[in-house]
Amino acid sequence: MGTFHQGKSELHGITVVVDTTGPEVFVGRCDDMDDRGILLNDVDVHQDGEGGRSKEEYVRRAAMLGVWKKHDRLFIPSDRIASVRRLGEI
Amino acid sequence: MPYSPLLVKPMREELSSAGVKELLTPEDVDAFMNEKSGTALLIFNSVCGCAAGMARPGVRLALQHDRQPDRIASVFAGQDLEATAKARAYIGDIPPSSPSIAFFKDGELVYFVPRHRIEGRDAYAVAEDLKAAFNEHCEVPAS
């Protein structure tokens with residue numbers, strides 16, 4: 001039994017890794033994505049090197065068990081996005 | 001804010017009709033978790049169809065496998081808030097997500113499926129992961 005999320009992007013409801021052109025990488029559940037950017041729910045953000053972990057080390061750890069959210073909702077504009085990947089495929 | 005109980009009822013029944021015990025209160029959760037011996041599957045049920053729509057049928061398929069956990073229960077995230085919070089206390093430092101599935105052996109968490117490992121997959125794939133965990137940790141049924 002599914003629920004009611006018509007009209008959203010194909011990544012709606014999917015936990016994604018949004019890498020940026022800067023030092024930040026975000027992990028959150030995609031609400032919607034279009035030419036303007038991506039809107040995430042329940043978002044964690046990691047700065048490259050924070051806690052002694054690179055962005056990729058952080059992402060590998062997140063892929064095992066998930067993340068603790070730092071933000072309920074966050075919009076990342078397209079001009080900051082380097083890539084968007086599904087966390088479940090990492 | 002919890003959804004209407006009427007909307008959620010079939011999502012509860014999708015699991016309870018397969019023999020999954022619903023834990024509605026923190027006391028229910030403690031009673032389930034305090035029985036340490038053997039294997040126990042705890043499902044964090046959820047409304048959102050993006051992932052829960054595959055988690056529930058995946059669990060149902062896995063429960064047709066020949067090896068089974070000794071005890072199987074669920075809490076409903078976003079609905080039974082206190083029971084869910086209590087259940088999450090038993091999975092330690094793992095970030096909360098729902099749906100998700102925790103598998104315990106002799107009171108220890110031995111396997112966990114977070115939401116992002118359910119999203120975008122079909123029920124058969126979810127079931128295969130669970131069956132592999134059952135094969136590893138559950139007793140072969142007596143013939």
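Me: At what angle do helix α2 and helix α4 of chain B pack?
Reply: Helix α2 (residues 26-34) of chain B and helix α4 (residues 81-89) of chain B pack at an angle of about 30°, and their axes are 7 Å apart. Helices (H or I, at least four residues) and strands (E, at least two) are DSSP runs, numbered from the N terminus. Axes are lines fitted to C-alpha atoms, for helices over the stretch in contact, and angles run from 0 to 180 degrees between N-to-C directions.

Me: Parallel or antiparallel?
Reply: α2(B) is roughly parallel to α4(B), a term for angles under 35 degrees.

Me: Before we continue, what kind of model is this?
Reply: This is a predicted model, in which local features need pLDDT of at least 70 and side-chain atom pairs count only at pLDDT 80 or more, while totals for chains, interfaces and linings use all residues. Residues are numbered from 1 along each chain as its sequence is written, and chains are lettered from A and ligands numbered from 1 in the order in which they are written.

Me: Back to the helices: which residues meet?
Reply: Pro26(B), Asp28(B), Val29(B) and Asp30(B) of α2(B) meet Glu82(B), Ala83(B), Lys86(B) and Ala87(B) of α4(B). Contact requires C-beta atoms, placed from the backbone, within 7 Å. The residues of this contact divide into four nonpolar, no polar and four charged. Ala, Val, Leu, Ile, Met, Phe, Trp, Tyr, Cys and Pro count as nonpolar, Asp, Glu, Lys and Arg as charged, and the others, Gly among them, as polar.

Me: How many residues of chain B touch chain A?
Reply: 19 residues of chain B are in contact with 15 residues of chain A. Helix α1 (residues 5-16) of chain B gives the most to that side of chain B, with three residues. That side comprises 10 nonpolar, five polar and four charged residues.

Me: Now chain A. What is its pattern along the sequence?
Reply: Chain A follows β-β-β-α-β-β, that is, one helix and five strands.

Me: Where is Leu74(A) found?
Reply: Leu74(A) is found in strand β4 (residues 71-77) of chain A.

Me: And what does Leu74(A) contact?
Reply: Neighbours within four places in sequence aside, Leu74(A) is in contact with Phe26(A), Gly28(A), Leu40(A) and Val43(A). The C-alpha atoms of Leu74(A) and Phe26(A) are separated by 9.5 Å, although these residues are 48 residues apart along the chain.

How values were computed
Contact = placed C-beta atoms within 7 Å. Parallel < 35°, antiparallel > 145°, perpendicular 65-115°, else oblique.
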